[in-house]
Amino acid sequence: MAQKPKVDPHVGRLGYLQALVTEFQETQSQDAKEQVLANLANFAYDPSNYQYLRQLQVVDLFLDSLSEENETLVEFAIGGLCNLCSDRANKEHILQAGGIPLVTNCLSSSNEETVLSAVTTLMYLSSPGPSCHPELTAMPVVQCMLRFSLSANTRLRNLAQIFLEDVCSPSQVAEARGRQAHSALGIPLPRTAAPQQP
């Protein structure tokens, strides 16, 4: 009885992820780019892939994709970052690469999932105490979270409330509440997706 050849699963996984990255970079098809980015975002959910994704510079690929005009690419890219940034090395890479403003820009998306992933990513990027990046609690961000905390969307409302309680100081929240000229008022609330049929 012939045995299947033993393939090192790590080499296979790295090779597969490399093929996805190459396809993303070479394809001209928007549909293919969306599918590949969705796959990479899903692989970013598994901590055993973190090292390979860093090696293949997928964190940078996600960050670059946040500037795309294609909302679907932005949604998958911020989803991938959200999956990756619970890891300390990935978090540091995102912070050092100037990722906070790119993530913050996603708060103004009309896509609900993009906004939810952006809020969650900002929470993961925060550190308790004085080491917290000031960009995370800049006044427009705090004002935006205050506005989201009034949303009819339960998921968004709850995430914004957690952000205000866990990331912001009481004085930052009070200052944002006290300002009448809310710069975040121009940011539209994301549209709520229709419930999907099973």
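Leu136 has a relative accessibility of 1%, so this residue counts as buried (under 20% relative accessible area; exposed is over 50% and partly exposed in between, with a 1.4 Å probe and protein chains only). The model here is predicted, so local features need pLDDT of at least 70 and side-chain atom pairs count only at pLDDT 80 or more, while totals for chains, interfaces and linings use all residues. Residues are numbered from 1 along each chain as its sequence is written, and side-chain values use heavy atoms, with hydrogens and water left out.

**Around Leu136**

- You can find Leu136 in the loop between helix 8 (112-125) and helix 9; helices (H or I, at least four residues) are DSSP runs, numbered from the N terminus.
- Not counting residues up to four places away in sequence, Leu136 touches Ile100, Leu122, Leu125, Ser126, Val141 and Phe163, where contact means heavy atoms within 4.5 Å.
- Leu136 and Phe163 lie 27 residues apart in sequence, and their C-alpha atoms are 10.0 Å apart in space.

**Helix 9 against helix 10**

- Two packed helices are described by the angle between their axes and the distance between the axes.
- Helix 9 (residues 139-148) packs with helix 10 (residues 154-166) at an angle of about 140°, with the axes 8 Å apart; the axes are lines fitted to C-alpha atoms over the stretch in contact, and angles run from 0 to 180 degrees between N-to-C directions.
- Helix 9 and helix 10 are therefore oblique to each other: angles under 35 degrees count as roughly parallel, over 145 as roughly antiparallel, 65 to 115 as roughly perpendicular and the rest as oblique.
- On the helix 9 side, the contact is made by Val141, Val142, Met145, Leu146 and Phe148, and on the helix 10 side by Leu156, Arg157, Ala160, Phe163 and Leu164.
- These contact residues divide into nine nonpolar, no polar and one charged; Ala, Val, Leu, Ile, Met, Phe, Trp, Tyr, Cys and Pro count as nonpolar, Asp, Glu, Lys and Arg as charged, and the others, Gly among them, as polar.

**Asn70 and helix 4**

- Asn70 sits in the loop between helix 4 (58-65) and helix 5 (71-84).
- Asn70 counts as buried because its relative accessibility is 18%.
- Leaving aside neighbours within four places in sequence, Asn70 is in contact with Gln30 and Glu34.
- Helix 4 itself is mostly covered, with six of its eight residues buried: Val58, Val59, Leu61, Phe62, Leu63 and Ser65.

Methods
Helix = DSSP H or I, 4+ residues; strand = E, 2+ residues; numbered from the N terminus.
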